Amino acid sequence: MEKDEIRRHDSFQSFDEICSIAEEKQVDFLLLGGDLFHENKPSRSTLVKAIEILRRHCLNDQPVQFQVVSDQTVNFQNAFGHVNYEDPHFNVGLPVFSIHGNHDDPAGVDNLSAVDILSACNLVNYFGKMVLGGSGVGQITLYPILIRKGSTAVALYGLGNIRDERLNRMFQTPHAVQWMRPEPQEGCEVSDWFNILVLHQNRVKMNAKNAINERFLPRFLDFIVWGHEHECLIDPQEVPGMGFHITQPGSSVATSLIDGESKPKHVLLLEIKGNQYRPNKIPLTSVRPFEYTEVVLKDEPDIDPNDQNSILEHLDKVSGLIEKSNRKAVNGSDQKLPLVRVKVDYSGFMTINPQRFGQKYVGKVANPQDILIFSKSSKRSQKEAKIDDSERLRPEELNQQNIEALVAENNLKMEILPVNDLDVALHNFVNKDDKMAFYNCLHYNLEETRKKIGKDSDVSKFEEEDLILKERVKERSSHPTDTPQFTSSMQSFENIRSENVTGIGSAASFSDDEDTAQILSSANRGRKGSSSASRPSRDASELGKSSTRGRGRGRGRGSTGLKQTTLDATLGFRRSQRSTSVKVQSIADDEENVDSASSEEHEINEVESS
């Protein structure tokens, strides 16, 4: 809400308080569960303020008491490849470890996020970045950051946000998600490590495919920090039968004004010794107070559905919520204007303008323009609920449908672009401001389609060009000026072609028009050289030699080796005893055709029928 005059500083004040608590408690490090930034491309103002807060609290002379003993080039995939406090040019007293969320996840050609900027500034240790290629399931390997301090050893696993539907399939695919365990060392067995996982995914969802089931996670984990969910459930909860506990810290500020966001915001101070841990929740005092209530008009007595003033009287519960918020305010702290949300089920009633309703609360609440939000019971269809544009539900109140759900609901048949790829492209275009998202989706699928068509077209290409060549032979043989010598040569050419195709069984063809033209021109030269039809044998042999001297597909005597080489080079065939025998047989057929002038008429007929 950086453009909101009242709320623009809220998130920075909360982040500053969190860093101050970490500094005050002298923690070893600060762990963030993703979505440090709300926008995929945060503004320069936001980046500068975030860097200022981190620099003010993280750079100092306080000694770092722990040591990273794992391969840091694997843990931190940046140009430097080591934890930030080991850089001799920086005095880092408060290391910060963070994964990315679904708002600030990597995007673009270089797969970079806003967290990469903080990592390059040596202010944040960015880990849990996975590279997934293509639209298949893919495979990921989680390498832990191994941290040791005295006798306590912590293995910190990080998994930045991956699309829930895809990660769900990966967890259900064998060997798609691999977990690397620490190797046994002297004085430290595998069981001695305290295993922490921080991830950023949907946790509770009606559709099981768009969320991650807690039981997908391995049993060797001890503690899980679950990001993404905004509701603050800071107290660790044990998962029955799994052996690990989950904490859900929630967001540091209320981003969507729903019931789950109205609970008090906390941070968790986690103390670890050996395999034991002690949680201590600390409330955040700088968070703007938020009050939420719901009203169902049909359950309220004495309301006239057609009387707007009667409805206004029953909706005017805001004053009571403001007083309730003031009573909760901590003494001595700066009094902030509260956020107030009244969700109204107006089934069977008329609506009122939310902006006009909020005008009398300007200066009393932080969000006068959207105090009221109207909804209808889910039994009625959207067509029956005739809502004006000014009274439509805000986006965060809607069930976020993706393209896959819409396609399934309307029984559409997507025949050009895959549904999953189009869904990802739309998500990147809207949420990440990636203007090339649809172009990249189209370009990728075009390339994949071209490759597939290229593989499938080899056989059909041969058949098509084979027909073209036979048509040319038929046209030549049908001219009355054609001599027996030409017919004999082309007949032997056809014999070799047909026997090679049937004998070798390869999908190759004489597709080179230039080579075909040279054969025909050499045949014509042989035809001009003949003075009479009484010397067919000598002219045919000369024709064979001239064809051999051309680009080499004639069938004369004594040219077996040359024909073998040129035929192999043109068709891409390898030398084989079988193909050689086919050529020898064809040459013999050629000689028989030359020697027997009486069969010329029969050969013409054969060429025409062919």
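His103 is partly exposed, with a relative accessible area of 25% (buried means under 20%, exposed over 50% and partly exposed in between, with a 1.4 Å probe and protein chains only). The model is predicted, so local features need pLDDT of at least 70 and side-chain atom pairs count only at pLDDT 80 or more, while totals for chains, interfaces and linings use all residues. Residues are numbered from 1 along each chain as its sequence is written, and side-chain values use heavy atoms, with hydrogens and water left out.

The mean pLDDT of the chain is 76, and 67% of its residues reach 70 or more; pLDDT is the predictor's confidence in each residue, from 0 to 100. Over residues 380-399, pLDDT stays under 50.

In an unreviewed entry, UniProt places the feature "active site" at His103; such annotations may be inferred rather than shown by experiment, feature names are shortened, and positions are given in the numbering used here. His103 is located in the loop between strand E3 (96-98) and helix H4 (114-120) (helices, H or I, of at least four residues and strands, E, of at least two are DSSP runs, numbered from the N terminus). Beyond its neighbours within four places in sequence, His103 is in contact with Asp35, Phe37, His38, Glu39 and Asn40, where contact means heavy atoms within 4.5 Å.

The largest nonpolar core has 29 residues, of which Ile140, Leu142, Trp179, Leu197, Leu217 and Ile224 touch the most other members (a nonpolar core is a set of buried Ala, Val, Leu, Ile, Met, Phe, Trp, Tyr and Cys residues joined through side-chain atoms within 4.5 Å). Strand E7 (152-159) and helix H5 (164-171) are among the elements that each supply at least two residues of this core. E7 gives the most, with four residues. Apart from this core lies another, of 27 residues, among them Ile53 and Leu94.

The structure holds 15 aromatic pairs (rings of Phe, Tyr and Trp, the last by its six-membered ring, with centres within 6.5 Å; planes under 30 degrees apart count as stacked, over 60 as edge-to-face and the rest as tilted). Phe29 and Phe66 form an edge-to-face pair, 5.7 Å centre to centre with 70° between the planes. Phe29 lies in the loop between helix H1 (10-24) and strand E1 (30-32) and Phe66 in the loop between helix H2 (44-58) and strand E2 (67-68), so the pair ties together parts that are 37 residues apart in sequence. Phe66 is buried, at 5% relative accessible area, whereas Phe29 is partly exposed, at 23%.
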